[in-house]
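Subject: Structure handover

Hello,

Here is the structure we talked about, with the sequence alongside.

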Amino acid sequence: MTEPLFDTIAVVGLGLIGSSVARGVKARGLARRVVGYDSSTQVHNRAKELGFCDRVANTPAEAVKDAEFVLIAVPVGATADAVKSVAPHLRQGAIVTEVGSVKAAVIRQVLAVLPGQAVFVPGHPIAGTEHSGPDAGFAELFDGRWTILTPCERSNEAAVAKVAALWRGLGSAVETMTPEHHDIVLAITSHIPHLIAFNIVGTAADVEEVTQSEVIKFSAGGFRDFTRIAASDPVMWRDVFLNNKEAVLEMLGRFSEDLAALQRMIRWDDGTALLELFTRTRAIRRGIIEAGQDTQEADFGRPHGHED
Ligand code: NAP
C-alpha cells in the first residue's frame, strides 16, 4: 500500500457525505487516522456502532486538535457554525475544506469565522443519493464522479493540491472553477431539476381529480423518477435554495420562458418544433452515458418481470 496522504483527518458531520468520505479514506488507506464528530447524539452513537471512523469525538475540539486536514460535511446553512465550533482548536496550518452544494454564499460565511492559523479550500463532490444519514454512506460514492474545487482568498496552491489528492484518492476526477461559476452550473444541472421534482410531486399530491392512490399506482409513467429526487433531504435542499438564490432565480427565469415556448408549440400544434426539441434532449442523454455518468440500461437498469 502507498504512503497515506495524511496522518489525521477530522470529518465534521457524519451523514451521507461525511461518512462516505470516512469510509473511503479508511478503505483506501488515505490517512492513518480518521476522527469523526457530529452534533447529533443519535448520529454520534450510530457512527460509533458502524465503526467507519477510528474514533468518534465527543466535542469539536477533540475532533480537530490533532488533525492537519478537516473536512466539514454539514448542511450548507450550518457550515459556518461548524467551522466556528472548531476554529479555536485548529492546528497551525490546518487545511479546512467543505463539501457544500453552494459555494459563493458558504465561502462568504466561512471567511467571516475562519481563524488566522487555517487555510480554506472549498469543494463540492458531484455525487450523492436521495438518502441521508450515516447508514446511507458508502466508500465508492465518489468513484468515477467529479469534484469541483473553488479556491478562495484563504486557499494556497499546496492546500488545493492536497484537497485534490484526497478526492482523486477517493476515485473522483477534480476540476477547479470560481465559486460564482460553480453556482450557475449547479443551478441548472442540480438545483433547478430538484426544484422541478419538488414542484411536480407537490402538484400531483394536490390535483383534486386524481386520487393519491392513483398517483402511486400509476407512477411508472415518468412520475416515479421525479419522486426519487423529490425524496431528497429537506434541510439540505432548503439551505441550497436559500443560499443560491441569485443563480437559481436567474435559471428559473430562463426555464419559465422555455416552458412558455413549449406551451405555445402544443397550443399551435407545432409538431416540428416539439420533435426538434425532443431530438436535442435525447442527444444530451446520450452524451451523459458516453461520459460514463449514468447507465445506458433501460429504466436505469431496474429489474422488470417478463410475462412469458
Ligand atoms: P446529512 O446526511 O444530513 O448529514 C449532515 C450531518 O451533519 C447530520 O448528521 C447533522 O446532524 C450534522 N450536523 C449539522 N450541523 C452540525 C454541526 N454544526 N456540527 C457537526 N455536525 C453537524 O447531509 P449530507 O447529505 O451528508 O450533506 C452534507 C453536505 O454535503 C451538505 O452541505 C450538502 O449540500 C453537501 N452535498 C450533499 C450531497 C447529497 O447528494 N446529499 C452531494 C454533494 C454535496 P443533524 O441531523 O442533527 O442536523
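Two strands are said to pair if DSSP finds at least two bridges between them. Please keep in mind that this is a predicted model.

The sheet

By that rule, strand 6 (residues 119–126) and strand 7 (residues 146–149) are a pair: they are joined by four bridges and run antiparallel.

Val70 stands opposite Val96 of strand 5. In general, strands of a sheet pair through backbone hydrogen bonds, in either a parallel or an antiparallel way.

The whole sheet is open and has eight strands, in the order 3-2-1-4-5-6-7-8, with mixed pairing. Its edges are strand 3 (55–56) and strand 8 (173–176), each of which pairs on one side only.

Which residues of strand 5 are buried on each side? Side chains of a regular strand alternate between the two faces of the sheet. In strand 5 (residues 95–98), Ile95 and Thr97 lie on one side and Val96 and Glu98 on the other, and all of them are buried, so both faces are covered. Helix 4 (residues 79–86) lies across strand 1 (6–12), strand 4 and strand 5, and runs at about 150 degrees to strand 4.

Two packed helices are described by the angle between their axes and the distance between the axes.

Helix 7 (residues 179–206) packs with helix 11 (residues 245–267) at an angle of about 65 degrees, and the axes are 9 Å apart. The two helices are therefore roughly perpendicular to each other, and helix 7 passes helix 11 in a right-handed crossing. On the helix 7 side the contact is made by Asp183, Ile184, Ala187, Ile188, His191, Ile192, Leu195 and Ile196; on the helix 11 side it is made by Ala247, Val248, Met251, Leu252 and Phe255. By class, these residues are eleven nonpolar, one polar and one charged.

Helix 7 also packs with helix 10, at an angle of about 120 degrees and with the axes 11 Å apart. Helix 7 and helix 10 are therefore oblique to each other, and their crossing is left-handed. Helix 7 contributes Ser190, His191, His194, Leu195 and Phe198 to this contact, and helix 10 contributes Trp237, Val240 and Phe241. The contact of helix 7 with helix 10 has five nonpolar, three polar and no charged residues.

Two single residues

Is Asp239 buried or exposed? Asp239 sits in helix 10 (residues 234–243). Its relative accessible area is 5%, which is under the 20% cut-off, so Asp239 counts as buried. Not counting residues up to four places away in sequence, Asp239 touches Pro75, Val76, Gly77 and Ala78.

Arg46 is in helix 2 (residues 41–50). Arg46 has a relative accessible area of 29% and is therefore partly exposed. Leaving aside neighbours within four places in sequence, Arg46 is in contact with Pro134 and Asp135. The C-alpha atoms of Arg46 and Leu14 are separated by 9.5 Å, and these two residues are 32 residues apart along the chain.

Regards

Terms used:
Residues are numbered from 1 along each chain as its sequence is written. This is a predicted model: local features need pLDDT of at least 70, side-chain atom pairs count only at pLDDT 80 or more; totals for chains, interfaces and linings use all residues. Side-chain values use heavy atoms; hydrogens and water are left out. Axes are lines fitted to C-alpha atoms, for helices over the stretch in contact, and angles run from 0 to 180 degrees between N-to-C directions. Angles under 35 degrees count as roughly parallel, over 145 as roughly antiparallel, 65 to 115 as roughly perpendicular and the rest as oblique. A crossing is left-handed if the near helix is turned anticlockwise from the far one by less than a right angle, and right-handed if clockwise. Contact means heavy atoms within 4.5 Å. Ala, Val, Leu, Ile, Met, Phe, Trp, Tyr, Cys and Pro count as nonpolar, Asp, Glu, Lys and Arg as charged, and the others, Gly among them, as polar. Buried means under 20% relative accessible area, exposed over 50%, partly exposed in between (1.4 Å probe, protein chains only).
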